[in-house]
Amino acid sequence: MTEILPADPSGISRAATLLQQGALVALPTETVYGLGADARNGTAVAGIYEVKGRPSFNPLIIHVADVDQARRYGRWSDTAEILASAFWPGPMTLVLPLADGHGLSSLVTAGLDSVGIRVPAHPTARAILRALGGPVAAPSANPSGKISATTAQHVLSGLGGRIAAVVDDGPCTVGLESTIIGLNQPRPTLLRAGGLPSEAIEAAFGAPLDVADGAEIIAPGQLASHYAPHASVRLNAQAATDGEVYLGFGAASGSGPDDLTLSASGDLVEAAAHLFDRLHALDRLRKPIAVAPIPETGLGRAINDRLRRAAAPR
């Protein structure tokens, strides 16, 4: 049985104890629920790959309580300091060269000489990290390639009975995985669009970001097919056809009894927070999903990134 832990001192203490013992614990963050293991424990990290069915070449992000911890695992730079000062805690991951003596399991980095690091903003996640006193490897708490979890019930639907516990602290507020910035490249590079708009990062950095071509897997979330419902997904649809359900946005809204919208007002922040929850709801119908056009600006870039991967051939 998977324990359902409250987001209070007793639940936080129990979660930290389980992680110390090498168990897998799903924890809430502002982005999505993460499937956590002590990143220094190779057996525990191997459990993440096994439970999720995750390819072993797909690296993991480690979550730490603060910048001081981040410096222990990644080689710091002036650019890292600028971006961390501006956006941590928050939905941004920095990929840094591995620090000497880092102590991380090699499974975390998938054999690469770099590591993705994030300081989450969620108070419960940070409390668990402080109680553990070390890094937690935590990809999204769902079977690999399927829709990410933004509630504890989503976690239980996909992984219930296969992990030790989930800490239930309600729905995630951002609802999209973190934006990943590669600082192990010649120039700061956008490796994955996410819950922090790239425009904000470019403004803080003072220059445009390079964009990864996706030819090489050097960070999570770069697989072509990912975040996928059971049925097919059709993008940029003005309406549903026979047999489809519709996921609307703004003025483009469906008329069927099962149709849903990401945001009736066309608010991209609201749409991002609702994306995975709406996909989970429509996925339960096991019908093809038609999705309204989403603007390719701000958080719309990350929403479209997830939708394109959900619609990719499997």
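Is Arg286 buried, partly exposed or exposed? Arg286 is partly exposed, because its relative accessible area is 48% (buried means under 20%, exposed over 50% and partly exposed in between, with a 1.4 Å probe and protein chains only). Welcome to this predicted model, in which local features need pLDDT of at least 70, side-chain atom pairs count only at pLDDT 80 or more, and totals for chains, interfaces and linings use all residues. Residues are numbered from 1 along each chain as its sequence is written, and side-chain values use heavy atoms, with hydrogens and water left out.

**Backbone points in loops**

- Arg286 sits in the loop between α9 (268-283) and β15 (289-291); helices (H or I, at least four residues) and strands (E, at least two) are DSSP runs, numbered from the N terminus.
- The phi of Arg286 is near 55°, a positive value in a residue other than glycine.
- Asn236 also belongs on this list, with a positive phi of about 55° although it is not a glycine.
- You can find Asn236 in the loop between β12 (233-234) and β13 (245-248), and Asn236 counts as exposed because its relative accessibility is 54%.
- Trp88 and Pro89 are joined by a cis peptide bond, with omega at about -5°.
- Pro89 lies in the loop that links α4 (78-87) to β5 (92-97).

**The largest pocket**

- The largest pocket holds about 310 Å³ of space.
- Here, a pocket is an open set of points on a 1 Å grid over the protein atoms alone, where a 1.4 Å probe fits, with protein on both sides within 12 Å along at least five of seven lines; lining residues have an atom within 4 Å of a point.
- Grid points are joined across faces, edges and corners, and a volume is the space filled by probe spheres set on the points.
- The lining of the largest pocket has 17 residues, and Ser157, Gly158, His230, His280 and Asp283 lie nearest its centre.
- By type, the lining of the largest pocket divides into 6 nonpolar, 7 polar and 4 charged residues (nonpolar: Ala, Val, Leu, Ile, Met, Phe, Trp, Tyr, Cys and Pro; charged: Asp, Glu, Lys and Arg; polar: the others, Gly among them).
- Both α7 (152-159) and α9 supply at least two residues each to this lining, and α7 gives the most, with 4 residues.

**Helices that pack together**

- Two packed helices are described by the angle between their axes and the distance between the axes.
- α4 and helix α8 (residues 198-205) pack at an angle of about 125°, with their axes 10 Å apart; axes are lines fitted to C-alpha atoms, for helices over the stretch in contact, and angles run from 0 to 180 degrees between N-to-C directions.
- α4 and α8 are therefore oblique to each other (under 35 degrees is roughly parallel, over 145 roughly antiparallel, 65 to 115 roughly perpendicular and the rest oblique).
- α4 passes α8 in a right-handed crossing (left-handed if the near helix is turned anticlockwise from the far one by less than a right angle, right-handed if clockwise).
- α9 and helix α10 (residues 299-311) pack at about 25° with axes 9 Å apart, so they are roughly parallel to each other, and their crossing is left-handed.

**Two buried residues**

- Ala127 is in helix α6 (residues 123-132) and is buried, with a relative accessible area of 16%.
- Leu247 is in strand β13 and is buried, with a relative accessible area of 0%.
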